[in-house]
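Dear colleague,

My notes on it follow.

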Amino acid sequence: MKGSRKSARPAPTRFRRVGLACKCTSKAALTLARALDAALEKRGLEVLFDSESAAALGHPGGLPRERLARASDLVIVVGGDGTLLSIARSAPTSTPVLGINVGVLGFLAGLSRSEALSRLDEVLAGEFREDRRLRLSVAVTGGPRPARFQALNDAVLNKEALARISMFRVELDSRPVVEFRADGVIVSTPTGSTAYNLSAGGPILHPQLPAVVITPICPHTLSQRPLVVPAETVIGLRILDPPTTSGGVYLTLDGQEGLPIRPEFAVEIRPASSAVTLLRPPEADHFRKLAEKLNWGT
């Protein structure tokens with residue numbers, strides 16, 4: 001296959017095809033990715049690359065990043081949370097994703113840079129815990145053409161740099177619930193609750209909690225607080241300002257893709273039909289990791 005290499009020696013492993021993606025602007029990530037590539041090839045595994053990582057690592061070809069997980073039995077992502085999100089949005093549930101953190105926070109990563117090679121055989125033997133995470137399905141209608149997205153962390157309506165604050169309406173299961181003026185609104189999964197939601201004053205949700213949180217961004221009234229709803233709730237978002245005053249509102253998915261939103265557009269958010277599978281060491285403790293990342297008690 002284009003963008004892959006295969007060694008002749010078989011290895012006793014649960015996985016045969018391993019996708020490898022990295023943060024291509026990080027020298028540390030590229031160095032570790034090269035070492036993992038060599039280690040996987042030595043174990044007789046077929047290694048697949050996305051096109052960006054293949055080019056940065058000096059390999060020919062490569063797959064579009066959104067297709068890498070569908071062609072692999074396992075994907076190893078070397079970088080920060082942003083790199084992992086770019087894979088996890090489209091990964092099928094049957095393909096686990098392991099993040100190796102060489103970024104700053106690394107909430108989504110399963111291993112640190114120093115553990116990546118020493119624990120590789122445990123990963124390949126299937127000894128890591130599979131952690132299913134809720135994703136969001138986001139549909140935009142009312143524009144020139146319908147658009148659909150998936151998000152692991154969040155869907156955010158936010159004003160652009162020079163735009164005024166806007167009036168937003170939130171509907172739950174087609175029932176209007178609240179209207180408020182704000183810089184924007186975040187709809188976050190439990191996984192994304194430690195991202196933009198946390199910065200905006202929203203609650204931290206346990207990743208296995210079947211819920212979604214709706215958090216206003218800098219609301220114009222102090223009485224407007226975050227709202228936690230069941231995961232199966234269909235959330236509708238609209239901008240109520242007329243087109244002449246509302247300009248500059250943008251929908252962003254996981255901080256990486258999106259489109260401008262106008263008052264005639266409707267944004268509908270519901271749980272995606274499938275979850276993403278993240279790998280975790282068997283001894284991993286969610287609350288201990290939170291304490292470390294957020295410097296609790298220091």
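Is strand β16 (residues 235-239) largely enclosed by the rest of the structure, or exposed, and how many of its five residues are buried? Four of the five are buried, so strand β16 is largely enclosed. Buried means under 20% relative accessible area, with a 1.4 Å probe and protein chains only.

This is a predicted model, in which local features need pLDDT of at least 70, side-chain atom pairs count only at pLDDT 80 or more, and totals for chains, interfaces and linings use all residues. Residues are numbered from 1 along each chain as its sequence is written, and side-chain values use heavy atoms, with hydrogens and water left out.

Strand β16 pairs with two strands (pairing requires at least two DSSP bridges). Strand β11 (residues 166-172) runs antiparallel to β16 and is joined to it by five bridges; F168 has I239 of β16 as its bridge partner. Three bridges connect β16 with strand β19 (residues 266-271), also antiparallel, and here L237 stands opposite V267 of β19.

For the chain as a whole, the secondary structure comprises eight helices and 20 strands, taken as DSSP runs (helices H or I, at least four residues; strands E, at least two) numbered from the N terminus. The radius of gyration, over C-alpha atoms, is 20 Å, close to the 19 Å of the globule rule for 298 residues, so the chain is as compact as a globular protein of that length. That rule is 2.2 Å times the number of residues to the power 0.38. Of the 298 residues, 52% count as buried.

Kind regards

Definitions and conventions. Buried means under 20% relative accessible area, exposed over 50%, partly exposed in between (1.4 Å probe, protein chains only).
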